[in-house]
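Work through the exercises below with the structure in view. Try each task before you read its solution.

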Amino acid sequence: MDITVTVNGRQIKATVEPVTLLVTWLRETLGLTGTHIACDTSQCGACTIHVGGRSVKSCTMLAVEADGAELVTIEGLAGPDALHPMQQAFHEHHGLQCGFCTPGMVMSAVDLAKTIPDASEAEIRAWLKGNLCRCTGYQNIVKAVRAGAAALRNS
Amino acid sequence: MAQDGIGAAVRRREDRRFLTGRGKYVHDIVLPRQLHAVFLRSPHAHAEIVAIDTAAAAASPDVVAVFTADDVAGLNGVPCAWGIAGKDGRPMKEPKHPLLASGKVRHVGDPVAMIVAESVAAAKNAAERIAIEYRALPAVTEVAEAAKPGAPQLYADVPGNLCCDWAVGDAAATAAAFAKAHHVAKLDLVNTRLVPNAMEPRAALADYEPATGDFTLYTTTQLPHVARVLIGVLMLGIPERKLRVVAPDVGGGFGSKQVVYCEEGLVTWAAGRLGRPVKWVAERSEAFVSDAQGRDHVTHAELALDRDGKFLGLRVSTLANIGGYVSTFGPNIPTNLYGPLLAGVYTTPAIYCEVKVMFTNTVPTDAYRGAGRPEATYVLERLVDVAARDLDLDRVDIRRRNFIPANAFPYQTPVMLHYDTGDHEATLAKALELSRWSGFAERRRAAAARGRLRGIGIVTYIEACGLAPSRIAQQLGARGGLFESANVRVNPSGDVTVFTGAHNHGQGHETVFAQLVGELLGVPSDSVEIVHGDTARSPFGLGTYGSRSAAVGGAAIAKAVGKIIDKGRKIAGHLLEASEQDIEFKEGYFGVAGTDRRKSFAEIAGAAYTPPPSYPLETLEPGLEETAFYDPVNFTFPGGCHVAEVEIDPTTGALEVVSYVAVDDVGTVLNPMIVEGQIHGGVVQGLGQALGENCVYDRANGQLLTGSFMDYCMPRADDLPNIVVATQSTPSRHNPIGVKGCGEVGTIASPATLMNAVVDALAEYGIVHVDMPASPQRLWQAIQTAVPRRAAQ
């Protein structure tokens with residue numbers, strides 16, 4: 001099936017198999033391997049991207065469903081030499097260890113900061129329950145998200 | 001101290017690639033002409049394979065090859081790196097672990113066939129066309145059942161499913177201690193089975209170059225050099241010089257990736273056989289039935305005490321489930337890394353621990369964060385609480401009475417270990433203060449007024465890490481050394497490249513090792529690059545596990561840097577026309593003692609590569625590069641005190657972790673930000689077990705019931721409190737940099753701490769023990785069972 005999708009600001013026309021998941025298409029056809037796959041039940045959130053500005057687990061969508069949509073992946077969150085304030089906050093607050101859940105966490109956190117700009121710690125923790133991390137115990141992620149959201153509010 | 005040297009909270013240099021999606025994990029690597037492998041796995045826990053028909057699969061579109069046990073019959077099995085011996089001195093039973101199940105399957109997920117195709121989808125479609133006739137056999141998944149007469153037998157030549165009947169300690173002395181006891185506290189407990197679940201599923205991609213016979217294996221391993229030996233030499237017969245193992249970015253390991261697996265061998269072998277790269281990436285549901293799992297003990301423990309609550313003796317009997325096959329380090333975990341830890345921080349004079357290591361129809365178990373030490377801590381610290389309850393002693397008091405005093409270090413325990421340093425009174429005092437222990441009664445009353453049961457739990461613990469002194473490890477069954485390597489290459493312009501045998505899969509080595517080298521050489525840490533994870537680049541090293549990277553890998557780096565400084569001193573002596581003995585190295589300068597004549601580190605490096613006329617090439621080699629292999633003199637012994645506070649809603653059993661305090665002695669802190677992050681993660685991994693994680697097999701048929709994140713309850717952000725972390729250090733005397741290790745302390749202490757708090761919350765119901773996990777269902781049931789019992793009394 002033919003689709004037209006904007007990915008990280010670039011319009012792409014492609015023919016995709018109807019069974020192809022969006023995450024697979026991003027990784028294997030576009031080579032955007034920053035979006036990770038860590039489960040097969042839509043539980044872990046490692047594949048979170050933005051679809052029309054909202055965070056979506058890209059394993060829950062078929063590539064054909066993205067027809068006409070505007071997608072942003074972790075690679076497109078900031079310019080090639082820059083860090084988005086949320087990425088910067090994760091760095092500053094040691095909000096990542098092995099890095100595997102990180103792209104999904106950051107994409108989810110950016111949406112949170114937009115949706116609830118002054119989210120409390122409890123709201124952050126509740127929002128992030130769809131993103132699993134095995135390394136950090138979440139504490140520094142929560143700290144980073146608070147700081148990143150504050151940076152976005154003040155920018 | 002340099003601003004970015006030892007002790008500075010330097011932000012991690014590895015972050016940027018991960019934050020921008022430019023990490024390079026095995027799944028991200030694509031080689032031209034690569035094929036895709038899929039494994040067909042057993043749906044049965046225990047069955048004979050009567051017949052396999054692969055013809056239809058082989059004829060499926062885009063299928064290149066289908067392999068079964070017959071195809072790999074000429075290869076060796078999956079090797080075990082640690083062979084233990086039983087109490088009678090006889091070696092453990094070590095049946096062959098074939099790369100593909102041969103004749104019989106022994107757990108759900110046991111691989112039976114490998115399908116290689118042009119795409120994953122084609123391979124999966126073909127897998128469905130493989131016809132296997134199984135004759136199902138009765139299965140046994142629970143370790144206590146496996147030990148009973150009449151239990152299903154996994155191996156004809158392993159009677160009673162007993163892999164090894166192991167023991168440590170002095171049985172007679174312990175019996176004598178019990179004979180004179182005033183009181184014996186007793187406890188039966190289960191340590192649940194866990195699935196490590198590193199977020200990155202395992203993956204392997206192998207390439208073969210027929211013109212040279214060279215293999216390259218990209219794999220998700222914590223120990224690339226060990227993997228090269230085990231996979232290349234022992235599994236496949238490929239000489240080390242012809243196999244390069246690369247472990248690029250690896251998304252967490254927790255022990256599950258220190259195990260060497262059949263899939264890694266099979267993709268390598270298939271790449272050679274097919275002349276094309278072969279890639280396999282595990283799906284999560286596949287990981288649940290094929291990644292080595294952790295824990296799974298059933299234990300009876302008894303503590304003998306005198307009238308004053310002093311521990312006289314400890315007797316522990318454990319059944320340990322190691323699954324269907326002997327895994328890479330599997331036999332070592334419930335034995336050497338468990339029994340000797342039962343001394344804890346106490347002066348218990350007599351200890352005896354016996355462990356029956358059992359085969360069952362489950363995924364093999366192996367090291368999982370903490371590996372044996374959380375199990376020991378759980379037994380001991382739960383039992384100490386039971387003893388306190390029995391004797392009506394305060395839980396802090398009974399621990400204090402039995403502490404090894406700070407001035408008694410170094411201390412020889414009755415079960416092998418020789419502790420170097422520690423101050424358990426100090427970590428206890430700090431934890432009591434940070435947890436506001438003395439104000440608990442008031443908080444409990446306030447909770448009761450809200451209808452909540454509030455409990456507080458405490459654990460004082462010690463662990464052994466920095467694995468390991470090769471000589472001791474080999475006496476205990478290690479089939480190799482356990483040193484670590486480092487190569488320090490000073491480049492001609494004076495910057496430094498360090499090649500380490502340790503592997504970074506989240507611990508921050510690229511940052512911390514650079515801090516260490518920067519400090520030792522007096523250069524900025526950002527002029528130091530750390531290289532790891534590639535057998536073609538680093539010298540032979542043992543990799544990362546057992547909290548060893550800083551204590552052993554860091555010590556190796558420090559040793560190599562020492563050699564660099566020694567040589568730099570020689571070079572400087574010639575350049576400065578002074579005796580080598582008169583050259584001092586300080587803050588990045590080689591100077592003549594008592595003068596202002598000096599050369600910078602970069603000048604010395606320049607001279608080593610562009611020798612000036614005064615450089616004595618006849619007696620002093622040019623260049624500035626040194627390799628060191630560091631074998632630790634002993635283990636390191638981190639320890640500390642953790643306190644947890646919980647509230648339980650008695651009407652639902654729902655539990656809230658209200659607070660958690662961790663005070664740990666991890667020795668010298670190289671980077672406090674990273675140490676804190678390691679402790680957060682470790683504590684939560686242990687709380688995962690205490691709160692919800694539990695790997696469950698169907699008793700009737702051996703099916704895995706918790707095979708996905710929908711059934712296996714991983715800790716999530718909203719389950720947890722903020723953890724208060726403090727370090728209270730006594731530097732280790734067992735390595736030159738004083739570090740003890742911080743990767744596992746959290747996981748070792750937190751399950752027991754949390755469960756002690758849970759039992760304390762339920763104390764008014766007369767409940768003395770609850771097995772993990774403290775799920776609402778389990779707590780509610782415990783309360784419901786206790787209420788009528790209490791009423792009857």
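**Exercise 1. Find the residues that A:Lys143 touches, leaving out those up to four places away in sequence.**

Step 1. The contacts are A:His93 and A:Gly95. Contact means that C-beta atoms, placed from the backbone, lie within 7 Å.

Step 2. Keep the ground rules in mind. This is a predicted model, where local features need pLDDT of at least 70, side-chain atom pairs count only at pLDDT 80 or more, and totals for chains, interfaces and linings use all residues. Residues are numbered from 1 along each chain as its sequence is written, while chains are lettered from A and ligands numbered from 1 in the order in which they are written.

Step 3. A:Lys143 sits in helix α5 (residues 139–154) of chain A. Helices (H or I, at least four residues) and strands (E, at least two) are DSSP runs, numbered from the N terminus.

Step 4. A:Phe90 is 53 residues away along the chain, and 8.4 Å separates its C-alpha atom from that of A:Lys143.

**Exercise 2. Decide why A:Lys143 counts as buried.**

Step 1. Take the cut-offs: buried means 20 or more other C-beta atoms within 10 Å of its own, exposed 12 or fewer, partly exposed in between.

Step 2. A:Lys143 has 20 C-beta neighbours inside 10 Å, so it counts as buried.

**Exercise 3. Describe how α2(A) and α5(A) cross.**

Step 1. Helix α2 spans residues 85–92 of chain A. Its axis and that of α5(A) come within 8 Å and cross at roughly 145 degrees. Axes are lines fitted to C-alpha atoms, for helices over the stretch in contact, and angles run from 0 to 180 degrees between N-to-C directions.

Step 2. The crossing is right-handed: the near helix is turned clockwise from the far one by less than a right angle.

Step 3. List partners. On α2(A), they include A:Met86 and A:Phe90. On α5(A), A:Ala147 and A:Leu152 are among them.

**Exercise 4. Give the strand order of the open sheet in chain B.**

Step 1. The 7 strands run β3-β5-β1-β12-β9-β10-β11, with mixed pairing. Two strands pair if DSSP finds at least two bridges between them.

Step 2. The edges are β3 (63–68) and β11 (243–246), each pairing on one side only.

Step 3. Look inside the sheet. Strands β1 (residues 35–41) and β12 (residues 278–281) of chain B run parallel, joined by 2 bridges. B:His36 stands opposite B:Lys279 in β12(B).

Conventions: Two residues are in contact if their C-beta atoms, placed from the backbone, lie within 7 Å.
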